[in-house]
Amino acid sequence: MALQSLDIKARSATTTPTPQARGAIPVAKLIDISKCIGCKACQVACMQWNDLRDEVGDNVGVYDNPADLTAQSWTVMRFSEVEVEQGRLEWLIRKDGCMHCADPGCLKACPAPGAIVQYANGIVDFHEEHCIGCGYCVTGCPFDIPRISKKDSKAYKCTLCSDRVAVGLEPACVKTCPTGAIVFGSKEDMIHHAEGRIADLKERGYANAGLYDPAGVGGTHVMYVLQHADQPQLYADLPKDPHISPLVALWKGVTKPLMSLGIGVAVLAGFFHYVTAGPKEVEEENETD
Amino acid sequence: MTNHWVDIKNADFILIMGGNAAEAHPCGFKWVTEAKANRKATLAVVDPRFTRSAAVADFYAPIRPGSDIAFLGGVINYLLSHDLIHHDYVKAYTNAPYLVREDFTFDDGIFSGYNADKRSYDRESWNYQIGADGYVMVDPTMQDPRCVYQLMKQHYSRYTPEMVTQVCGTPTADFLKVAEMIGATATPDKVMTIMYALGWTQHTVGSQNIRAMAMIQLLLGNIGRPGGGVNALRGHANVQGITDMCLYSDVLPGYLGAPTDADAVREEYLAKKSLKPLRPNQMSYWQNFPKFHTSLMKSWYGNAATAENGFCYDWLPKKDAPYDVLHIFELMHQGKMNGFLCQGFNPLAAVSCVKKVRESLAKLKYLVVMDPLATETSEFWQDYGEYNEVDPAQVQTEVFRLPATCFAEDTGSFTNSGRVLQWHWAAAEPPGETRSDLDIVAGIFTRLRELYQKEGGAFPDPVLNLAWAYSTPLTPSPEEVAKEFNGKAIADVTDPKDPTKVLAKAGEQLATFAHLRDDGSTSCGNWLYCGAWSQAGNLMARRDTADPSGLGFYPAWGFSWPANRRVLYNRANADPAGKPWDPKRKTIAWDGTKWSGFDVPDMAPNAAPEQDVGPFIMHPDGVGHLFALKGMAEGPFPEHYEPFETPLATNPMHPKNPLATRNPAARIFKGDEADLGTVDKFPYVATTYRLTEHQHYWTKNVLSSAIVQPAQFIEMDETLAKEKGIANGDVVKVSSHRGYVRATAVVTRRLKPLTVDGKTVHTVGVPIHWGFVGVAKQGFLANRLTPYVGDANSQTPEYKAFLVNIEKA
């Protein structure tokens, strides 16, 4: 099953061409916020599968615990109390974590070769052994997801359980979700599933129900069904139209080619210098040292 | 549950009230999402708080804690006044047409027979009119002013939508919306389910909350039907199992009423329990009580139980009072108990009024705690500073901790809320010297027996003669115990209609409780579990996912008591002629010669519809009880009474009758009345509850649970916070007349002030789960706040509605 392919589609700071021979079907995790009860079983499953244990924190006046993503918490539930219709409270609970962008800002920004990869199935994965801890991925992420560990100064985030997906299993959070609010499969199937859910929500009075699969980052491999897709910011500031930071665009779009050009110029200059001046002769007296 | 977990997917409308299924039963809640997804079912939540269940509901309505009967009474009035009832069902399957005695009265909140000094009722008048034929008198037209229908209509006519708003604080439009959603299921093709839990039971009117909903479901014709019923969501994995096996002292295993002081003579006791039919042709299934009881005594006492000695009936304790948890700790507090064996129970945390429980435990000579972990109870004598201020030198109680296995370390059966017994297998080796609860009890018993053997004693017979025929007496196997509770034939069991036909040979495991006998030829530890381990083997271990009905009954998955029946009272799913009310929801039907279909019929298999055998076979009249007769302590119709600590001066429904302010039949011990707070000093309503991240007081020992919900908090509305100068995240002190807790404030829009009886009522939310043992942040036991008073029938403490004050700490 091509869902499982771990062929690399893109690799940070690398120009080597990626493999093309095998087909791969893009995958997606669909989070249906209208079905989510905020039980945090997904958070616990994530901890257990990935051997993560965050600090036992404190209550800071909200249900969100841990209060934010950390190197030990790759997914957290964010609770928002909103009144879209006056007098009708809604408690919107959004599972936050890596969106696995088709056009990943983290990967684009990353200067460490192979520290961030994108698999042919769309999963964006961090290979921490290559990470140099520069934090460019944090700047590069339109969703403020990666966190740098205080312990080893490396960046961590949700892997979409690439290790499970690689052997034909669903991500741990999907497996544990008691209400089926999180589902996983090919992106095409997930979009189809979402369409059914959105039709149901519209029948129940959510006229603006819709799918969150933002085009600004080329679409995502983690998508949301939102009751109010016209106002994603209601869901703990989910960006309405996420884009990769202009800093990254600058780095990738202008600076990096310029730098590459600079490197190329240096190489060319060296070559022509070699051609015109020939190899550097070694002085005889030096050979005796 | 009358129905079962999977069956919730068959509902058209789901009401969550008196519970918070998404929060407390997240795995079972999946069936709600199935119903929504596949049947386009709607979900409404009525709760003092906008809960996690409300977060995914189609509609939410707020309600003041402790006012549910006013709301449900309002629904009954709405259904009756808008004629939204399932007429054929009500007429045929309930006692609506039955006539009630002339001397039954209801006067300003008090039913006939009240004795204010005893705080109890003489219930004699709460009964039917009996005709010359010995049967109940009936008016099929339901016009007689003494028929249940008319009395009920009159009783609930006071519960107008305006009164609901006045008592509950629920906006009238919200109430009417919920009533309309409920009423829409009065047609035969629409079914509603109710999911409730401790939000209804933990009140001084807890049992009547549930009665009120049972009446609604009867009026709508929703009991006995797929997607319907009255569904109690039980607590941890096996709380249904311990209830079935006699959690309460007033019953023996299988809900056999236990004998009291009044039941000195066996024959009289059995006759009293063998209810005779009150209408012609009724099954009145409790007529079989002597078979169940005798088989139980044979299971307990084996060969020592003989017809000559009344099957050892005299050895059974005859109670002088109900020994519920409040009474037990009251006696302990009075210094009348020496020792306490505490198994799977953390009373210091779990019982109301921590102060009283701690004082009580300190009066014991010894306390034995069997538990996988240290608990607040086993540590009650230790000083944990403000969380448990004790001078250990002043406590003389000797505490023994016997480390017990946790559920994943032993083998046995779990009974879930839906009455399904499922066998489970040990998944891990227990650590160190841990033993299973079974082994611990066996060890205590065999040592006690040895002592009695050596030393005699006041009354050694019941101990020395207890059947203990396990292959290794110190470690009975779960399989042996399971076979024992299923029961077996001691002599050949024959068919009463054809004595040559042997139903079960001597020594064989029994297949059904229909084979139990009252002559000592069968033994059975719990008649309801009979059939779970028959000659066919351990049916609890079955895992067949075949579902011929398509309704999610899975008849070969585990074993559902009674008789592997998946929906109780399923005869009521068919009309009086035996045809399903809704052809798409067929369970059983009359096929011309017998009842057959996808479920085990809750009916004599050959009882033809013309015989008019009612579907509620446990009742002597065969019908569902809209009028509860003598069954309830405080009246045959649920009536709203205020919580014992009320924010109001009077009961708005009976402002001139102080006797009817609070449940007139609820028991309160001397001394505890003085521990109740009043609204002048404690002006806010508080309610305690659970959070999805934790399980009771256990998971504060689990690191991952501690991480996702680390520290104690208190919830309050924005208006109250502003009035008190409290900001979100501030530390606050919440006090009742009995104690205080200090925790972080969560200021939320999910709680709203309500206008009740002309005044503003704020509700303060007190999640439980924290204590002074575990890996989560230390906290205060929530029950430091709660009062020592319980439901009039079950004595469940009133954890859900009491008074507090709140201050910035």
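Here are a few friendly questions and answers on this predicted model.

Reader: How many helices and strands does chain A have, and what share of its residues is buried?
Author: Happy to start there. Chain A holds 8 helices and 11 strands. Taking a residue as buried when 20 or more other C-beta atoms lie within 10 Å of its own, the buried share of the 289 residues in chain A is 44%.

Reader: Which element gives the largest share of the side of chain A that touches chain B?
Author: Let's begin with the contact itself: 30 residues of chain A meet 35 residues of chain B. On the chain A side, helix H1 (41-50) and strand S4 (88-96) each supply at least two residues. By class, that side has 13 nonpolar, 10 polar and 7 charged residues. The largest share, 5 residues, comes from H1(A).

Reader: How far apart are the C-alpha centres of domain 1 and domain 3 of chain B?
Author: Good one to check in your viewer. In chain B, domain 1 covers 1-235 + 618-640 and domain 3 covers 658-808. Their C-alpha centres are separated by 27 Å.

Reader: What is the division by class of the residues of domain 1 of chain B that touch domain 3 of chain B?
Author: Between these domains of chain B, 34 residues of domain 1 are in contact with 36 residues of domain 3. Elements giving two or more residues to the domain 1 side include helix H7 (161-168) and helix H10 (206-219) of chain B. The residues of that side divide into 14 nonpolar, 13 polar and 7 charged.

Key: Residues numbered from 1 in each chain as written. Chains lettered and ligands numbered in written order. Predicted model: local features only at pLDDT ≥ 70, side-chain atom pairs only at ≥ 80, totals over all residues. Helix = DSSP H or I, 4+ residues; strand = E, 2+ residues; numbered from the N terminus. Buried ≥ 20, exposed ≤ 12 C-beta atoms within 10 Å, placed from the backbone. Contact = placed C-beta atoms within 7 Å. Nonpolar A, V, L, I, M, F, W, Y, C, P; charged D, E, K, R; others polar. Domains from an automatic or database assignment.
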